[in-house]
Amino acid sequence: MAKRNKAKPSRAKASKKTAKKAAPKKPAKRAAAKSAKASKKTAAPKSKGFQLASLAPTLTQNDLAKSLAWYCDVLGFVVGQRWEREGALVGAELKAGKVTVYLSQDDGKMGERVKGQGSRLYWYTDQDIDQIANGIKARGGTLATEPKDEWGVRAFNLEDPTGFKITVSSNR
């Protein structure tokens, strides 16, 4: 079979094709304005893949009964469901507004372990942060930090009875 040589397009034709594909440049002022506008946006771009509607963490507790009392009596969570095994409480579903948090009793099978180390839960609310903090203190709770304005929000920190760190904040 004979080998055919393909003719290469001339440089003039190739540059015309490239010129058609190149987008026209915007004037410097418009490009700078668009860049400044883009940097002001705080919303993350929509994900094209995996998308979630909510998150419900499970926090393994050293003393589930004590933690359940703290989350409900001090913070104001409401028990949704309780799970027992052989008459012993092993877990609970807690709700506060649209948020769900699960608590489970550590069964000790993994030995002694530190919980809450290297992680923090961030809870966001539209309620008055100072009122929430004062209510927690009035119900016998202790704040890790008092409410303060920082990073564009008002927030305070807590630590649950097992050691999980929590930041509660509001834009108000």
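This passage describes the aromatic pairs of a predicted model and the pairing of strand β4 with its neighbours. The model is a predicted one, in which local features need pLDDT of at least 70 and side-chain atom pairs count only at pLDDT 80 or more, whereas totals for chains, interfaces and linings use all residues. Residues are numbered from 1 along each chain as its sequence is written, and side-chain values use heavy atoms, with hydrogens and water left out.

The structure contains 5 aromatic pairs, where rings of Phe, Tyr and Trp (its six-membered ring) pair if their centres lie within 6.5 Å, and where planes under 30 degrees apart count as stacked, over 60 as edge-to-face and the rest as tilted. One of these pairs is formed by Trp70 and Tyr71, which are arranged edge-to-face with 4.9 Å from centre to centre and 85° between the planes. Tyr71 also forms an edge-to-face pair with Phe77, for which the centres are 5.7 Å apart and the angle between the planes is 75°. Trp70, at 12% relative accessibility, counts as buried (buried means under 20% relative accessible area, exposed over 50%, and partly exposed in between, with a 1.4 Å probe and protein chains only). Tyr71 is buried with a relative accessible area of 0%, and Phe77 is likewise buried, at 8%. Together with Trp123, the residues Trp70, Tyr71 and Phe77 form one aromatic cluster.

Strand β4 comprises residues 99-105, helices (H or I, at least four residues) and strands (E, at least two) being DSSP runs numbered from the N terminus. Two strands are taken to pair if DSSP finds at least two bridges between them. Strand β1 (residues 58-61) runs parallel to β4 and is joined to it by 4 bridges, with Gln105 of β4 as the bridge partner of Gln61. Strand β3 (residues 88-96) pairs with β4 in the antiparallel sense over 6 bridges, and Ala96 stands opposite Val99 of β4. The hairpin of β3 and β4 has 2 residues between the strands, and within this hairpin Gly97 takes a positive phi near 65°.

Thr100 lies in strand β4 and is buried, with a relative accessible area of 12%. The side chains of Thr100 and Lys95 are joined by a polar contact of 3.2 Å, that is, a pair of N or O atoms within 3.5 Å, of which, within protein, one must be able to donate a hydrogen and the other to accept it, residues adjacent in sequence counting only if both atoms are side-chain atoms. Apart from its neighbours within four places in sequence, Thr100 is in contact (heavy atoms within 4.5 Å) with Leu55, Ala56, Pro57, Glu93, Leu94 and Lys95.
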